[in-house]
Amino acid sequence: MSAVVVVGAQWGDEGKGKIVDWLCHRADVVVRFQGGHNAGHTLVVGNTTYKLALLPSGVVQGKLSIIGNGVVVDPWALASEIDKITAQGVKITPDILVLSDQACLILPFHRDLDAAREAQAGAASIGTTKRGIGPAYEDKVGRRALRVADLADPEAIAWKIERLTAHHNALRSGLELPEIDVVALKRDLAEIAPKVLPYAQPAWRVLNTAFEDSKRVLFEGAQGVLLDVDHGTYPFVTSSNVVAGQAAAGSGVGPRAISYVLGLVKAYTTRVGGGPFPTELHDEAGRRLGELGHEFGTNTGRARRCGWFDSVLVRQSIALSGADGIALTKLDVLDTFDEIKICTGYTLGGKMIDYLPASVKDQAACEPIYETLEGWKETTRGVRSSRDLPAKAIKYVRRIEELIGCPAALVSTSPERDDVILMRDPFKA
């Protein structure tokens with residue numbers, strides 16, 4: 001039995017889609033365990049590009065794919081995504097896709113609330129995707145959410161909607177939004193139910209059976225550890241736990257089931273939305289990173305902020321998730337730089353520190369300490385063997401390993417699925 005958890009070790013957008021897709025060849029089951037449709041994964045297979053949000057990457061290869069209980073699900077977005085991927089020639093059936101009947105739903109008024117609160121916050125907004133993820137998680141922990149199983153039970157929906165409207169109409173009044181149209185909501189839920197219920201079942205049972213059958217399981221994280229609601233740059237974070245430990249709670253298995261944690265790390269640093277970013281570049285180098293790396297959000301289209309590699313943040317993420325190895329992505333983006341910098345520490349109030357503090361004020365005040373390496377000025381794009389990497393590129397990879405205290409298991413050298421250097425197979429570790 002082997003189970004690999006893939007988590008982003010920065011602020012998301014590390015290239016998880018491509019790496020997860022590559023690992024899917026070695027897996028029998030792929031599981032999403034947190035987040036919603038706010039985080040997109042892009043898969044490039046030959047001449048076809050698949051953009052996924054809720055669907056686990058395994059569906060493209062016909063692998064058993066599970067949306068776990070830790071995910072918040074917009075049923076309309078899920079149905080739309082299934083239609084879109086089906087139109088691209090991917091067959092999706094209940095034998096391939098399993099939706100946890102315990103997963104909580106994102107409803108239309110969650111999106112309204114998300115957008116209204118961001119607009120009202122003005123300069124204090126935290127840069128959500130306005131897709132209702134946060135409000136849905138709030139209802140989950142507030143014990144008033146609708147769950148997938150409720151779609152099959154009109155009576156449960158009726159009394160749960162009473163609890164929901166009692167809470168949300170008060171909020172909506174304060175935000176000058178109209179009251180929830182309960183009749184329309186019930187109608188919409190009745191219409192969407194037949195499109196998603198065929199996939200619903202106790203996902204934890206399916207997953208535990210897979211482990212009993214010695215299947216290889218791949219847990220696919222969304223976002224990145226620095227966006228974790230507990231351990232990230234709070235409040236500029238997502239609304240769920242992103243760390244590797246969430247794979248167990250968000251899918252219904254014990255933590256001993258996990259055999260390997262793979263941290264996804266981009267060869268430089270990017271961030272979408274607001275929040276601290278110690279190594280952010282506002283110069284020509286930052287612009288080049290954005291252009292060469294095509295740094296735009298898969299789902300939102302928002303331009304990503306770019307900066308040099310921050311070993312302090314990645315080392316912290318590696319510790320928080322207990323990563324056994326990293327997958328280093330987008331190495332080829334650095335091919336043309338004369339020199340490349342790595343942040344090795346911060347100064348704060350005249351003192352050197354080797355971690356990101358919890359205080360928002362202190363985070364903003366951290367100044368990076370850089371080490372400069374000579375660029376390799378040779379192409380690494382498409383390289384599939386470490387023997388073919390330029391010596392200075394190898395030196396860059398080795399220095400990152402030293403600074404973060406974690407070895408590279410994979411190195412990605414282009415968006416193409418097969419352009420990966422395998423140094424250690426996570427499923428055989």
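Which handedness, left-handed or right-handed, does the crossing of H2 and H6 have? The crossing of H2 and H6 is left-handed. A crossing is called left-handed if the near helix is turned anticlockwise from the far one by less than a right angle, and right-handed if clockwise. Helices (H or I, at least four residues) and strands (E, at least two) are DSSP runs, numbered from the N terminus.

The model is predicted: local features need pLDDT of at least 70, side-chain atom pairs count only at pLDDT 80 or more, and totals for chains, interfaces and linings use all residues. Residues are numbered from 1 along each chain as its sequence is written, and side-chain values use heavy atoms, with hydrogens and water left out.

Two packed helices are described by the angle between their axes and the distance between the axes. Helix H2 spans residues 75-87, and helix H6 spans residues 182-196. Their axes come within 10 Å and cross at roughly 40°. Axes are lines fitted to C-alpha atoms, for helices over the stretch in contact, and angles run from 0 to 180 degrees between N-to-C directions. H2 is therefore oblique to H6. Angles under 35 degrees count as roughly parallel, over 145 as roughly antiparallel, 65 to 115 as roughly perpendicular and the rest as oblique. On the H2 side, Pro-75, Trp-76, Leu-78 and Ala-79 take part. They meet Asp-188, Leu-189, Ile-192, Lys-195 and Val-196 of H6. Contact means heavy atoms within 4.5 Å. The residues of this contact divide into 7 nonpolar, no polar and 2 charged. Here Ala, Val, Leu, Ile, Met, Phe, Trp, Tyr, Cys and Pro count as nonpolar, Asp, Glu, Lys and Arg as charged, and the others, Gly among them, as polar.

H6 also packs with helix H5 (residues 154-174). The angle is about 135°, and the axes are 11 Å apart. H5 is therefore oblique to H6. H5 passes H6 in a right-handed crossing. Ile-157, Ala-158, Ile-161 and Thr-165 of H5 make the contact with Val-182, Leu-185, Lys-186 and Leu-189 of H6. By class, 6 of these residues are nonpolar, 1 is polar and 1 is charged.

The largest nonpolar core has 56 residues. A nonpolar core is a set of buried Ala, Val, Leu, Ile, Met, Phe, Trp, Tyr and Cys residues joined through side-chain atoms within 4.5 Å. Buried means under 20% relative accessible area, exposed over 50%, and partly exposed in between (1.4 Å probe, protein chains only). The residues with the most contacts inside the core are Leu-207, Phe-219, Ile-326, Leu-328, Leu-331, Leu-334 and Tyr-396. Helix H12 (residues 391-404) gives the most to this core, with 6 residues. A second, separate core has 34 residues, including Val-60, Val-71, Val-90 and Leu-189. Beyond its neighbours within four places in sequence, Phe-219 touches residues including Val-5, Phe-33, Leu-207, Phe-211 and Val-253.

In helix H4 (residues 133-141), Ile-133, Gly-134, Pro-135, Ala-136, Tyr-137 and Asp-139 are buried. Ala-210 is found in helix H7 (residues 203-212). Ala-210 is buried, with a relative accessible area of 6%. Lys-395 lies in helix H12. Lys-395 counts as exposed because its relative accessibility is 56%. Its C-alpha atom is separated by 9.6 Å from that of Trp-376, 19 residues apart along the chain.

The loop between strand S10 (216-220) and helix H8 (246-249) holds Leu-227. Leu-227 counts as buried because its relative accessibility is 15%. Its contacts, leaving aside neighbours within four places in sequence, include Trp-11, Phe-236, Val-242 and Arg-271. Pro-235 lies in the loop between S10 and H8. A cis peptide bond joins Tyr-234 and Pro-235, with omega about 5°.

Most residues other than glycine have a negative phi, and most peptide bonds are trans. Lys-330 is found in the loop between strand S15 (325-329) and strand S16 (339-348). At 23% relative accessibility, Lys-330 counts as partly exposed. Lys-377 has a positive phi of about 50°. Its place is in the loop between strand S18 (367-374) and H12. Lys-377 is partly exposed, with a relative accessible area of 48%.
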